[in-house]
Amino acid sequence: MAPTSLITAGLLALSGLSRRAEPSGCGKTQWFTGLTHYESLTSSGKTRDYSIHLPFDYDKNHKYPVVLGFHGSDSIGFFFEADSKMSESRFSGNKIMVYPTGLNKSWAGPSYSNTPVEEDLQFINDLLAEVRAGYCVDSSRIYATGISNGGGFLDSLACNKEVGGQFAAFAPASGSFYTDLNGPNNGCTPARSPLPILEFHGGNDQSVFYAGGAGSGGQLPAISDWLNSWAQRNGCTGPPSVEDTNDGKVHHYKWTCNGVEGALEHYKVDDMGHVWPSTEINFSQLAAGEGPTYIQASDLVMKFFDKFSLPS
């Protein structure tokens with residue numbers, strides 16, 4: 001394993017200029033279009049795994065948005081792909097989907113993960129470089145979504161200006177935000193403000209409680225406190241607008257931040273547990289002993305991402 005100091009030095013060396021100078025995969029013929037295939041790379045001296053899914057009609061000369069999908073604890077990228085159904089063309093027909101897998105089936109942050117946050121950040125930095133070099137990527141439209149432990153790791157990405165600065169927007173669901181306690185001024189250094197974020201959470205989540213408190217990997221913030229921290233970081237003005245639907249069981253909050261409407265959004269579903277929100281039965285719902293819920297997160301996430309790109 002590379003020393004943490006070397007990992008950090010590598011992250012600090014990254015800049016917008018160096019990213020633009022990286023090799024481009026545009027013009028390279030791809031044979032596995034419309035199918036998920038499995039790859040690995042070496043990062044910090046370790047083999048790290050990921051899978052990638054290209055649109056069926058992938059054009060080697062067209063630049064595509066990229067979405068990274070992060071699985072929850074005790075899982076792998078394959079299961080998040082299957083749970084969210086995000087590789088289906090109805091959700092990502094015009095995007096490249098990438099599903100990284102955490103070491104020992106988890107992402108850095110909680111106490112049950114032995115991986116330093118810096119090491120997972122370096123992996124994502126290396127992964128983005130590999131995807132850019134191998135495929136035709138629109139680097140202004142790279143996004144990240146994930147569930148539970150993976151959703152929580154999105155916060156670590158968003159709070160790191162070097163690696164997180166390569167992403168245009170984030171969308172965690174049922175996120176376990178172990179690394180973001182005690183308000184907005186806790187060492188979180190996002191690359192810009194506002195940094196677009198959409199979060200989904202169940203009011204009946206029995207793993208990552210909406211009210212916060214002790215989780216399986218340490219203390220967790222209340223979701224309302226976590227949202228308030230991001231509202232402050234994003235320069236949001238005034239209280240959010242709130243739209244209640246489905247007989248008052250679904251609450252959609254939307255903030256205007258530094259003049260950007262909807263730069264911070266949140267869906268609370270009162271009777272939903274620790275799941276990926278879907279109107280169709282999925283694996284996380286079965287594991288939680290639940291059925292379909294009122295909203296389709298995979299559709300909402302992609303529509304949210306489509307609104308944002310990195311500033312030029």
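View 1. The side chain of T145 comes to 2.5 Å from the backbone oxygen of A171. The model shown here and in the views below is predicted. T145 lies in strand β5, which spans residues 137–147.

**View 2. Surroundings of T145.** T145 has a relative accessibility of 0% and is therefore classed as buried, the cut-off for buried being under 20%. When neighbours within four places in sequence are set aside, the residues in contact with T145 are V67, L68, G69, F70, F80, M86, L154, A171, W276, V301 and F305.

**View 3. Strand β12 and its parallel partner.** Strand β7, residues 197–202, runs parallel to β12 and is joined to β12 by 6 bridges. Within this pairing, Y267 of β12 stands opposite F200.

**View 4. Strand β12 and its antiparallel partner.** Strand β11, residues 250–257, pairs with β12 in the antiparallel sense over 8 bridges. L264 in β12 is the bridge partner of W255.

**View 5. Turn of the β11–β12 hairpin.** The hairpin formed by β11 and β12 has 2 residues between the strands. In this hairpin N258 adopts a positive phi near 50°.

Definitions and conventions
Residues numbered from 1 in each chain as written. Predicted model: local features only at pLDDT ≥ 70, side-chain atom pairs only at ≥ 80, totals over all residues. Heavy atoms only, no water. Helix = DSSP H or I, 4+ residues; strand = E, 2+ residues; numbered from the N terminus. Buried < 20%, exposed > 50% of the residue type's maximum accessible area, 1.4 Å probe, protein only. Polar contact = N/O pair within 3.5 Å; in protein donor to acceptor, adjacent residues only side chain to side chain. Contact = heavy atoms within 4.5 Å. Pairing = 2+ DSSP bridges.
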